[in-house]
Amino acid sequence: MKFFLSISAALSLVLIACSSGNDNPTHTQSAPAPFTRIDKIVADFASMPAERQHAITDSLSLPLSDYIFLMGASSADIATFIDSISHTAAFHMFEPEVERIFHSTTDLQNALGTLNANLRCMFPDSPNYSYYGIISPYLQKIMLVDSDIYIALNHYLGPNHAAYSSMPEYTRATKTPAYIPFDIAHAILSIKFPFSGNRPTAIQYFMYRGAELYAISSLTSITDTATLMGWSPQQLSCVEAQEHAIWHKMAADNIIYSTDRNIALQLCEPAPASRPISDSIPGGIGCYIGYRIVTSYIDKHPDTPISFILSPDFYDDPASLIHSGYSPKSALH
């Protein structure tokens with residue numbers, strides 16, 4: 001249970017309400033979010049009395065039908081699908097471990113309740129999301145269908161789980177329950193605020209990704225920069241020590257204003273792709289620079305709505321970088 005309980009440490013489960021004057025959240029009471037363990041229903045379904053099976057397929061017909069669709073199953077019959085998926089290799093492999101890690105979902109429901117409340121504060125047109133735990137053989141961790149969100153729990157068993165042993169460290173680092181609200185917030189924001197720049201430069205994309213991180217932090221109460229970046233504290237310290245040199249290297253090599261989309265994407269991916277800048281820094285350095293610019297901007301303009309920094313009006317405007325007053329840290333800072 002230590003990985004699940006880390007949610008409490010990584011997320012300060014603040015109590016949320018809307019502030020006045022902008023769309024940024026402040027603190028008050030929020031209710032736990034609805035969360036249904038579909039994976040557990042699938043595991044227990046065969047041993048249930050027939051009347052209980054009928055009650056479940058009736059009351060959960062929509063999310064179970066979504067699960068059929070998401071898994072690309074050929075059968076539209078819910079009972080047949082449940083029987084089929086319960087016999088898959090992925091289900092047999094992960095079901096005991098998912099049950100062990102997610103035996104209690106109280107902390108997770110509280111965290112998702114906070115997320116729901118913050119979403120309604122920041123974006124009043126947001127639905128009141130319901131959440132469903134599933135086991136999936138696919139790489140996608142979070143799946144959205146209207147106001148229902150499906151979480152592939154087998155992707156959050158802890159970075160040292162044997163099933164992830166062949167994965168690189170930067171992938172394993174975020175495979176903990178603490179990152180579920182982060183991944184959900186990111187999935188929602190990516191749909192609600194897709195990147196839309198006018199002949200975008202790399203710095204525009206960095207600022208957009210930085211705005212995403214700032215919004216995710218506000219939605220989930222994750223304030224630790226290393227956690228937001230998916231880095232270790234040592235990796236963050238390494239980047240902070242080189243931030244001044246990194247920024248000036250980007251400027252000298254014209255990376256900042258490059259219109260080559262591949263460069264911007266590579267420097268924002270979690271995989272280490274920063275060798276043109278430095279061999280020693282982790283992946284996602286573009287996101288980090290963008291986040292530092294955005295936080296600097298917000299520090300100087302605290303009433304700025306989050307919806308604004310997620311829009312092209314912010315990251316597509318060259319003046320935004322100037323108005324941020326961003327000053328990269330130096331090794332002597």
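Biologist: How many salt bridges does the structure hold?

Modeller: There are ten salt bridges, where a salt bridge is a side-chain nitrogen of Lys or Arg within 4 Å of a carboxyl oxygen of Asp or Glu. Bear in mind that this is a predicted model, so local features need pLDDT of at least 70 and side-chain atom pairs count only at pLDDT 80 or more, while totals for chains, interfaces and linings use all residues. Residues are numbered from 1 along each chain as its sequence is written, and side-chain values use heavy atoms, with hydrogens and water left out.

Biologist: Which residue forms a salt bridge with Lys-40?

Modeller: That's Glu-99, with the closest N and O atoms 3.8 Å apart. Lys-40 sits in helix 2 (residues 38–44) and Glu-99 in helix 6 (residues 89–101), so the pair links distant parts of the chain, 59 residues apart. Helices here are DSSP runs of H or I, at least four residues, numbered from the N terminus.

Biologist: Is Glu-99 buried or exposed?

Modeller: Glu-99 counts as buried at 19% relative accessibility, and Lys-40 is partly exposed at 34%. Buried means under 20% relative accessible area, exposed over 50%, and partly exposed in between, using a 1.4 Å probe and protein chains only. Both residues also belong to a network of salt bridges that links Arg-37, Asp-39, Lys-40, Asp-44 and Glu-99.

Biologist: And what does Glu-97 meet in a salt bridge?

Modeller: Arg-100, at 3.0 Å from N to O. They're three residues apart in helix 6, so about one helical turn separates them. Glu-97 is partly exposed at 23%, and Arg-100 is partly exposed at 40%.

Biologist: Switching topic: at what angle do helix 12 and helix 14 cross?

Modeller: Roughly 85°, with the axes of helix 12 (residues 233–252) and helix 14 (residues 285–300) coming within 11 Å. Those axes are lines fitted to C-alpha atoms over the stretch in contact, and angles run from 0 to 180 degrees between N-to-C directions. The two helices are therefore roughly perpendicular, the label for 65 to 115 degrees.

Biologist: Which residues in helix 14 meet helix 12?

Modeller: Ile-285, Tyr-288, Ile-289, Arg-292 and Ile-293, with contact meaning heavy atoms within 4.5 Å. On the helix 12 side, the residues include Leu-236, Glu-243 and Trp-247.

Biologist: What forms a salt bridge with Arg-292?

Modeller: Glu-243, with the closest N and O atoms 2.9 Å apart. Arg-292 is in helix 14 and Glu-243 in helix 12, so the pair ties together parts 49 residues apart in sequence. Arg-292 is buried at 16%, and Glu-243 is buried at 0%.

Definitions and conventions. Parallel < 35°, antiparallel > 145°, perpendicular 65-115°, else oblique.
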